[in-house]
Amino acid sequence: MNRTFDCPIHPKPSIGMVFDKLELGIGFYEAYAKECGFVSRLGSQKVSKDVVTHKACLCNKAGECEAKGTKQRRQRTRISCPARVNFKRIPSGQYQIYAFVEGKHAAEFYTPKIFFEFQEELKAACFSCGVEDIQKDPEHAIQYISIIDRDRDKVYVVGLKTYESKIVCTCKKFESHGILCRHALCVLRERGFKKVPSEYLINRWSKLATCKPIFSSDGQLLTDCRSVEVQKNKVSELWSELFTCVSVVEQSSVYCDELLGMLRGFKERVLAVTSVIDDSGNNGIGKKMDKNAEIGMLLGTSLPSEIKVLPPRQCKNKGSGKRLISQREKAGEVSKRPLRRCKACGEMANHDSRNCDKKTTDDE
């Protein structure tokens with residue numbers, strides 16, 4: 001039922017692969033796990049005379065969480081993932097892979113969080129759900145299957161159109177979350193489906209949901225996000241080949257010197273080419289386009305050397321900046337001031353001789 005995707009040939013482990021050191025084999029499996037989208041951890045081992053004879057590497061989701069009496073607040077991290085690899089020491093002192101189980105990780109489609117949620121539903125479909133009753137509607141070619149959910153102690157009805165592979169459940173998990181529920185997966189498993197129908201793999205939960213090409217206004221391709229995934233696969237394959245070469249030549253000083261010389265020569269040649277490209281004014285190897293240049297290509301224009309259009313000066317209107325005080329508020333503030341005697345009129349008032357009304361009248 002799991003949606004499987006094959007990882008590249010490199011670094012995919014296989015039974016019979018030999019490594020000079022156990023650390024190299026563990027590193028090789030870690031690179032494979034990273035490529036497939038999961039994290040590995042070390043498992044059990046056997047030791048004889050202070051020498052490790054057997055070693056297991058597992059997925060970090062392998063095993064089961066022990067049930068506790070208290071209510072667990074955190075989500076379970078162990079969901080019995082079968083992905084694993086086993087190494088054993090052979091008479092030559094090297095370590096050989098004698099058991100390998102490929103993980104059912106949908107990392108090439110689902111994001112890790114959504115995949116593990118789907119895996120929880122699939123596990124519940126296998127161990128907690130069962131068919132209770134089946135009713136057929138020959139007129140519309142629909143089967144109504146009653147699924148009992150032992151974890152929730154409830155019965156759900158799943159409608160299945162056999163010829164169109166359409167499935168609907170009364171729990172509405174697919175409509176609300178975008179992944180098939182345990183009841184629908186139970187029906188698909190009972191009907192012999194080996195893969196999830198493509199119409200139920202929503203693109204918004206895939207890792208490539210945002211990996212769509214971006215074009216400028218004139219139709220020029222700015223970014224092809226899918227090429228990033230291809231480049232990641234190439235880098236992973238390069239690391240795999242590098243690890244293999246080091247494992248092969250590490251016992252011979254002559255071959256080590258030859259490999260080291262080849263790598264240094266290649267590095268100097270690449271750096272020389274990069275410097276020539278930089279001098280000519282083009283982008284160097286590994287350099288990204290300037291942000292302003294990307295925006296200019298997207299809008300179909302370039303950044304001007306002189307900016308002539310400036311923001312306008314802020315004018316003082318009512319409601320902008322400091323609020324203008326009304327005459328009524330000004331009069332109220334003046335009335336609150338203490339009275340003083342005016343030298344011009346001799347009265348106790350809120351004015352003085354400079355703005356006295358009588359003085360103004362006498363002057364006129």
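Arginine 189 is partly exposed in this predicted model, its relative accessible area being 32%. Its salt-bridge partner is glutamate 190, with 3.6 Å between the closest N and O atoms. Glutamate 190 is likewise partly exposed, at 43% relative accessibility.

**Salt bridges**

The structure holds 9 salt bridges. Three of them are listed here with the distance between the closest N and O atoms.

| Pair | Closest N and O atoms |
|---|---|
| Lysine 173 and glutamate 117 | 3.5 Å |
| Arginine 182 and aspartate 149 | 3.8 Å |
| Glutamate 190 and arginine 189 | 3.6 Å |

Lysine 173 and glutamate 117 form a salt bridge. Lysine 173 belongs to helix H3 (residues 173-177) and glutamate 117 to helix H2 (residues 112-127), so this pair ties together parts that are 56 residues apart in sequence. Lysine 173 is buried, because its relative accessible area of 14% falls under the 20% limit. Glutamate 117, at 25%, is partly exposed.

Arginine 182 and aspartate 149 form another salt bridge. This pair also links distant parts of the chain: arginine 182 is in helix H4 (residues 182-190) and aspartate 149 is in strand S7 (residues 142-149), 33 residues apart. Both partners are buried: arginine 182 has a relative accessible area of 11%, and aspartate 149 has a relative accessibility of 0%.

**Nonpolar cores**

In soluble globular proteins, nonpolar side chains tend to be buried together. Which residues have the most contacts inside the largest nonpolar core? They are Tyr110, Ile147, Ile167, Leu180 and Val187, in a core of 26 residues. At least two residues of this core come from each of H2, S7, strand S8 (154-161), strand S9 (166-169) and H4. H2 supplies the largest share, 6 residues.

Valine 187 can be followed in more detail. Leaving aside residues up to four places away in sequence, valine 187 touches Ile145, Ile147, Val158, Leu160 and Ile167.

**Sheet**

Strand S4 (residues 84-89) and strand S5 (residues 95-101) run antiparallel and are joined by 6 bridges. They belong to an open sheet of 5 strands with antiparallel pairing, in the order S1-S5-S4-S3-S2. Strand S1 (18-19) and strand S2 (40-48) are the edge strands, each pairing on one side only.

**Nonpolar surface patch**

Val235, Trp239, Leu242, Phe243, Val246 and Leu263 make a nonpolar surface patch of about 510 Å². Helix H5 (residues 225-249) gives the largest share of the patch, 5 residues. Valine 235 lies in helix H5 and is partly exposed, with 35% relative accessibility.

Notes
Residues numbered from 1 in each chain as written. Predicted model: local features only at pLDDT ≥ 70, side-chain atom pairs only at ≥ 80, totals over all residues. Heavy atoms only, no water. Pairing = 2+ DSSP bridges. Helix = DSSP H or I, 4+ residues; strand = E, 2+ residues; numbered from the N terminus. Salt bridge = Lys/Arg side-chain N within 4 Å of Asp/Glu carboxyl O. Buried < 20%, exposed > 50% of the residue type's maximum accessible area, 1.4 Å probe, protein only. Patch = residues over 30% accessible without salt bridge, like charges linked within 9 Å, V, L, I, M, F, W, Y side chains within 5 Å. Areas by Shrake-Rupley, 256 points an atom, 1.4 Å probe, with all protein chains shown as cover. Core = buried A, V, L, I, M, F, W, Y, C linked by side-chain atoms within 4.5 Å. Contact = heavy atoms within 4.5 Å.
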